[in-house]
Amino acid sequence: MPEGTTPLRIAIVGSGPSGFYAAEHLQKQQDRIIEIDMFDRLPTPFGLVRGGVAPDHPKIKTVTKAYDKIASHPNFRFYGNVTLGQDISHADLLAHYHAVIYATGAQTDRQMDIPGEDLPGSHAATEFVGWYNAHPDFRHLTFDLSQERVAVIGNGNVAMDVVRILARTEEELRQTDIADYALEALSRSNVREIYMLGRRGPAQAAFTSPEVKELEDLSGADIIIAPEEVELDPLSQAYIQSGQDRTAERNVQTLTRYSQQEPQGRPKKIILRFFVSPVEILGTERVEAIRLVKNELYQRSDGTLRPRPTNQFETIPVGLVFRSIGYQGVALPDIPFDEKNGIIPNERGRVILPDGQPAIGEYAVGWIKRGPTGIIGTNKPDAQETVNMLLEDIANGKLLEPAHPTRAAVEEMLHSRRVCFVTYDDWRIIDQLEIQRGEAVGRQRLKYCYVEEMLQALAEHKGIPVPTQQES
Ligand code: NAP
């Protein structure tokens, strides 16, 4: 392929932060024309920025302005409402692109593998997050918010989000873009005590300092921590004093301060517990309580402090449980998958085949590449690394040889299969319609929560026939 003349066609599957940052790095290449087609199974872009970031964190969501700019590039196309494995296959991608980047994130949750985990009233936090963010996959779920006591398992930022959303007042939630049905359900919530359960101590918590500080801004909730649970054991103390972890240091300071405060008599209580692991969720018909074992820390040979159970147990009566112990990647059809780690096997982003060889022209980026860790910005260098591998391979002539390397061929394929794809301009219309719907009821946005609803609103706005069920 003569450099700079024939466009290099690249597909990115997934439109979350890692997909957009991969596109941005590709767009910086000056010496050749690169056409990027980004696919998403939803009609809406942005992955977890839309469906995961907490509604009361609007500042984090402003990152989409940068994604809008990337999408405005003349050689960028968005094909929303197109599912890999259903509307297009792995073979289709190889037949239409010189390279494919998988940016599908981690779409499910990790299980605890304890008895009672599947009782009604025990949920993955990721389900609750998707539900309150109007993600179409989770719209049908219901959560029994008539319960007074709730346990949130895990000490990460997702657990923090869940705790905060449960603790916020109706007034606070109304100012966000939380799904309308979630606002209504949470406004009627009976939840009064929210237990956040960490298996290690305050110095090992996975949440970041702004998140733990934000708890004291909640107007309707007191924060309760037993002073003895923030007292550092000698190993944690040595770790904090070493100065190697500023986040842990700040977290410990904030948590210590909280433990010394008097409750203000606010309607809800957030009770932060440390050194406890759930061993069983109890109940006959549904969740009635959670049984915990007290942990102690020990130092592993690699220097990390891990929890191990003691022989002390306690039971807390709770009617709802949200396990928030991490996301988990999902296999894509016909693409190698490492079940244990929930990622596409890869070396610095190059997909690795079962025989140990790199797959020509296939790459991974973001959580499906490295696992569900890091904040949005972590995906920038991650995407840079993957794109660097891709460019290096291209420079060495290692790219796919697609039979139909044109945009017209892709669109013809989608049309012939009656796939009702959504373009970026279409998404802009959906975006504006959501904002207008919100303005009409004094909210910043009223999200559509069904794919059919989005396609119908779009068709009505454009004055075209509403797609039938089969076509969508
Ligand atoms: P995470 O940060 O990995 O936290 C998972 C938590 O679950 C940890 O406290 C972990 O404890 C605990 N855990 C794991 N297995 C457990 C078990 N069997 N029993 C009890 N506890 C267990 O995951 P996450 O909260 O899902 O967040 C994912 C990523 O998204 C993180 O990088 C996070 O920072 C990011 N995120 C950021 C924001 C934000 O910036 N505001 C918001 C949401 C998410 P151990 O530490 O002991 O393993």
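1. In which helix do Arg-428 and Asp-425 both lie? The two belong to helix 17 (residues 424-440), three residues apart, or about one turn of the helix. Helices here are DSSP runs of H or I with at least four residues, numbered from the N terminus.

2. The model is predicted: local features need pLDDT of at least 70 and side-chain atom pairs count only at pLDDT 80 or more, whereas totals for chains, interfaces and linings use all residues. Residues are numbered from 1 along each chain as its sequence is written, and side-chain values use heavy atoms, without hydrogens and water.

3. Arg-428 and Asp-425 form a salt bridge (a side-chain nitrogen of Lys or Arg within 4 Å of a carboxyl oxygen of Asp or Glu), with their closest N and O atoms 3.2 Å apart. By this rule, 35 salt bridges are counted.

4. Asp-425 is exposed, at 51% relative accessible area, while Arg-428 is partly exposed, at 32%. The cut-offs are under 20% relative accessible area for buried, over 50% for exposed, and partly exposed in between (1.4 Å probe, protein chains only).

5. A salt bridge also joins Asp-426 to Lys-462, at 2.8 Å from N to O. Asp-426 lies in helix 17 and Lys-462 in helix 18 (residues 451-462), so this pair ties together parts 36 residues apart in sequence. Asp-426 is buried, at 6% relative accessibility, but Lys-462 is partly exposed, at 38%.

6. Arg-168 and Glu-214 form a salt bridge of 3.8 Å between the closest N and O atoms. Both residues are buried. They also belong to a salt-bridge network with Asp-56, Asp-161, Arg-164 and Glu-172.
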